[in-house]
Amino acid sequence: MAKKHDIAIIGAGNLGIAIAKGIAGAKLAKPKNMYLTRRHLEKLADLKKQKFNVLANNIEAVQNAEYVFLCVQPKQLPDVLKEINPVLDPEKHVLISTITGVEIPTIEQHLETTMPIIRAMPNTATAIQESMTCMCTKNASEDQVKEVKTFFEALGETLVIDENLMKAATVLAASGIAFFLRYIRAATQGGIQLGFHAEEAQKIAMQTARGAASLLVEGENHPETEIDKVTTPQGCTIAGLNEMEHQGLSSAVIKGLMASYEKINNITQ
Ligand SMILES: NC(=O)C1=CN([C@@H]2O[C@H](COP(=O)(O)OP(=O)(O)OC[C@H]3O[C@@H](n4cnc5c(N)ncnc54)[C@H](OP(=O)(O)O)[C@@H]3O)[C@@H](O)[C@H]2O)C=CC1
Ligand SMILES: O=C(O)[C@@H]1CCC=N1
């Protein structure tokens, strides 16, 4: 996205704002080159102060942009596409859909023209350039995919996947942020019961989670290899770990991922 960086974010809610902040933070575009839309503009007052263009007019946002991020809720997408159809130009625009569970052929059914479409599944850590973003496309050119990939690389890690894995990517990476955060919250609550103040317990839990992930990222090891280094024989770690497994930790995580995945099938209803 080095050449063109006028960006529309249609639906500046939780994810749209995270993307806008990430783009600005990574200096991929200036706030004045970004057009953020939603109906309740008062909720974008802070971003307006930071010089982002905030507007309720989707058509105007699209007309000002080359890259159009679709960030509304799945059930809101048909109306939004109907609205922007007249100003979509396949020679000028690339559509980047972050909408969960809506496949490219379905998006195409709502369009009057064949457009370059890229589906991207980032997570809210885009705001701090730490997203895991999976992407797929159908009719975008190699150059367009490369440009959008380069762009998301500035916002974290990327993986180009087949569209049939997009739901799994949503669960693992996008919802995954919430799943890992809930573990950190639970660890914090345990830490408080064990004697720490809440902020101390959270600091310990956060940095420990970061350390665990970094050991895998930097060491390229399997988690169990690192776990083996922590579990002193007859020690407290294996006692805690085995109790967590007796209570169904791994099973709860896997079942949660499956429930999340199943929900995507009827998310637009
Ligand atoms: N949140 C996340 O972590 C992730 C979300 N996603 C996907 O991103 C999409 C957005 O999710 P999320 O940010 O959580 O949802 P939000 O409800 O927070 O954001 C959607 C935004 O769209 C705005 N909106 C609704 N209708 C219109 C319209 N007609 N024109 C312009 N803006 C409109 C809403 O604001 P208003 O009501 O003021 O118009 C709202 O701010 C979903 O499809 C979700 O599946 C994907 C990955 C991660
Ligand atoms: O909860 C949701 O439906 C969306 C998709 C992934 C994260 N948030």
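A residue is buried if 20 or more other C-beta atoms lie within 10 Å of its own, exposed if 12 or fewer, and partly exposed in between, with C-beta atoms placed from the backbone. By that rule, buried residues make up 32% of the 269 residues in the protein. This is a predicted model, in which local features need pLDDT of at least 70 and side-chain atom pairs count only at pLDDT 80 or more, while totals for chains, interfaces and linings use all residues. Residues are numbered from 1 along each chain as its sequence is written, and chains are lettered from A and ligands numbered from 1 in the order in which they are written.

**Overall layout**

- The protein has 12 helices and eight strands; helices (H or I, at least four residues) and strands (E, at least two) are DSSP runs, numbered from the N terminus.
- The C-alpha trace spans about 70 × 40 × 35 Å along its principal axes.
- Among contacts with a separation of 6 or more, 64% join residues 24 or more positions apart; two residues are in contact if their C-beta atoms, placed from the backbone, lie within 7 Å.

- An open sheet is formed by eight strands in the order 3-2-1-4-5-6-7-8, with mixed pairing; two strands pair if DSSP finds at least two bridges between them.
- Strand 3 (53-55) and strand 8 (156-160) are at the edges with a single partner strand each, so one side of each has no neighbour in the sheet.
- From one strand to the next, the twist averages 25°; axes are lines fitted to C-alpha atoms, for helices over the stretch in contact, and angles run from 0 to 180 degrees between N-to-C directions.
- Strand 5 (residues 94-97) and strand 6 (residues 117-121) run parallel and are joined by three bridges, and S97 stands opposite R119 in strand 6.
- Helix 7 (residues 166-174) packs on the sheet, where it touches strand 6 and strand 7 (131-137). The direction of helix 7 makes about 35° with that of strand 6.

**Strand 7**

- How many of the residues of strand 7 are buried? Seven of its seven residues are, and the strand is mostly covered.
- S131, T133, M135 and T137 point one way from strand 7, M132, C134 and C136 point the other way, and all are buried.
- Strand 7 pairs with strand 6 in the antiparallel sense over four bridges, and C136 of strand 7 is the bridge partner of R119.
- Strand 7 pairs with strand 8 in the parallel sense over five bridges, and C134 stands opposite L159 in strand 8.

**The ligands**

- Around ligand 1 there are 26 residues, of which G11, G13, R39, H40 and T100 come nearest; a residue is near a molecule or strand if its C-beta atom, placed from the backbone, lies within 6 Å of it.
- Helix 1 (14-25) and helix 4 (77-84) each supply at least two residues of this shell, and the largest share, three residues, comes from helix 1.
- The shell around ligand 1 divides into 10 nonpolar, 13 polar and three charged residues. Ala, Val, Leu, Ile, Met, Phe, Trp, Tyr, Cys and Pro count as nonpolar, Asp, Glu, Lys and Arg as charged, and the others, Gly among them, as polar.
- Ligand 2 is surrounded by T100, T170, A174 and S175, a shell with one nonpolar, three polar and no charged residues.

- G248 follows helix 11 and has a positive phi, near 95°.
- Helix 12 (residues 249-264) has 16 residues and reaches 23 Å from its first C-alpha to its last, close to the 22 Å expected at 1.5 Å a residue; the expected span is 1.5 Å times one less than the number of residues.
- The number of buried residues among the 16 of helix 12 is zero, so this helix lies largely in the open.

**Two lysines with positive phi**

- K27, a residue other than glycine, has a positive phi near 60° and is placed in the loop between helix 1 and strand 2 (34-37).
- K27 counts as exposed because it has 9 C-beta neighbours inside 10 Å.
- K51 is not a glycine either, yet its phi is positive at about 80°; it lies in the loop between helix 2 (45-49) and strand 3.
- K51 counts as partly exposed because it has 13 C-beta neighbours inside 10 Å.
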